[in-house]
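Keep the viewer open as you read.

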Amino acid sequence: MELVLTLTCPDQPGIVHAVTGAIANHGGNILESQQYGDATSKRFHMRVEAEGVGEVDQLRSQLGELAAKMDMRWSLTEAGRAVPTIIMASKEGHCLSDLLYHTHEGQIPIDVVAVVANHEDLRPLAEFYHTPFHHIPVTKETKHQAEDQLMALLEETGAELIVLARYMQILSDRVCEAMAGRIINIHHSFLPSFKGARPYQQAHARGVKLIGATAHYVTPDLDEGPIIEQDVIRVTHADSVPELVSQGQDVERRVLSRAVRWHAQNRVLLNGHSTVVFS
């Protein structure tokens, strides 16, 4: 069995020696090791893949002792483990379709335990991939009850990750805090310049030459969570609004899929308001 160890702690001498020594003490062979020391935050980040560990519980115990000494936040999981995930969407299906396809093909290590949407439009897509679909309508008056349903579904399914695949509703602070570091959102790159409805029309009217997307963790501060991945493409004056929308959706689905894949592979470590991504 292969394991993935990730850790974050104050930068200090001896971290790598202590961690690799603990793995070696239990018969582990290191397959991959990446590390980064942030000179600004003075935090050290590390990701290690190892095989051949004899007694995983004993390794966990030793890592726990190291964590106490070094003020370390750490995680040890089985490599390739499919993360139970709820995908939330509204009407646009490009991001949901891409995630379901790549998951079905074994290219993203998640287990989509449910698709949740505030409209019925994407039910056929979820059913095509044999994924449970839950229609949870949201209005101003029913928002709290809708989130009660979502929280109940999280508990029922054991979901460890929520992906907002163009879900056009704002999650409350209650949900954001309960799933801190475990909700990923995608949005176009026009923010904060072109807010609200019809952003591509606004961008086209201003002659924008670059369009892109940003995937980030969700926090109570709207669209200001730690960024995981971004990408852009060039466009010209000759591109119509529908062409901009199509190209923008293509970037969104690619960026979101990469962000979800890296999160599920334990390649994203929080670093204050930023992230370290061992891609």
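The largest cavity has a volume of about 90 Å³. A cavity here is a set of points, on a 1 Å grid over the protein atoms alone, where a 1.4 Å probe fits but cannot get out, and its lining residues have an atom within 4 Å of a point. Grid points are joined across faces, edges and corners, and the volume is the space filled by probe spheres set on the points. Before going further, please note that this is a predicted model, in which local features need pLDDT of at least 70, side-chain atom pairs count only at pLDDT 80 or more, and totals for chains, interfaces and linings use all residues. Residues are numbered from 1 along each chain as its sequence is written, and side-chain values use heavy atoms, with hydrogens and water left out.

What surrounds the largest cavity? Its lining is made of 14 residues, and those nearest its centre are Met88, Val138, Ala146, Glu147 and Tyr167. Strand β6 (110–117) and helix α5 (143–157) each give at least two residues to this lining, and α5 has the largest share, with 4 residues. Helices (H or I, at least four residues) and strands (E, at least two) are DSSP runs, numbered from the N terminus. By class, the lining of the largest cavity holds 10 nonpolar, 2 polar and 2 charged residues. In this scheme Ala, Val, Leu, Ile, Met, Phe, Trp, Tyr, Cys and Pro are nonpolar, Asp, Glu, Lys and Arg are charged, and the others, Gly among them, are polar.

The count of cavities of 30 Å³ or more comes to 2. The second largest cavity contains about 40 Å³ of space, and its lining includes Leu3, Val4, Leu5, Ile23 and Val48. The elements giving two or more residues to that lining are β1 (2–10) and β3 (43–51). Its lining residues divide into 9 nonpolar, no polar and 1 charged.

Next, turn to a stretch named in a record. UniProt, in an unreviewed entry, places "domain: ACT" at residues 4–81; such positions are given in the numbering used here, feature names are shortened, and annotations may be inferred rather than shown by experiment. The end C-alpha atoms of residues 4–81 are 10 Å apart, and the span is 33% helix and 41% strand. Aspartate 71 is in the loop between α2 (56–70) and β4 (73–78). Its phi is near 55 degrees, a positive value in a residue other than glycine. Most residues other than glycine have a negative phi. Is aspartate 71 buried or exposed? With a relative accessible area of 54%, aspartate 71 is exposed; buried means under 20%, exposed over 50% and partly exposed in between (1.4 Å probe, protein chains only).

Now look at helix α3 (residues 94–104), which is mostly covered, with 8 of its 11 residues buried. Those buried residues include His94, Cys95, Leu96 and Asp98. The buried residues of α3 pack against β5 (83–89), β6, α4, β8 (161–164), β9 and α8 (241–264), where contact means heavy atoms within 4.5 Å. Just after α3, glycine 106 takes a positive phi of about 75 degrees.

How many aromatic pairs are there? The count comes to 1. Phenylalanine 128 and tyrosine 129 have ring centres 5.1 Å apart and planes at 85 degrees, so the pair is edge-to-face. Rings of Phe, Tyr and Trp (its six-membered ring) pair if their centres lie within 6.5 Å, and planes under 30 degrees apart count as stacked, over 60 as edge-to-face and the rest as tilted. Phenylalanine 128 is exposed at 60% relative accessible area, whereas tyrosine 129 is buried at 18%. Histidine 130 lies in the loop between α4 (123–128) and β7 (133–135). Its phi is also positive, near 55 degrees, and histidine 130 is exposed, with a relative accessible area of 74%.

Finally, the unreviewed UniProt entry annotates Asp223 as "active site". Aspartate 223 sits in the loop between β10 (210–217) and β11 (227–234) and counts as partly exposed, at 28% relative accessibility. Asparagine 185, in strand β9 (residues 183–188), is buried at 11% relative accessible area. Leaving aside neighbours within four places in sequence, asparagine 185 is in contact with Leu164, Thr214, Ala215, His216, Val218 and Asp223.

Technical notes: On a 1 Å grid over the protein atoms alone, a cavity is a set of points where a 1.4 Å probe fits but cannot get out, and a pocket is an open set with protein on both sides within 12 Å along at least five of seven lines; lining residues have an atom within 4 Å of a point.
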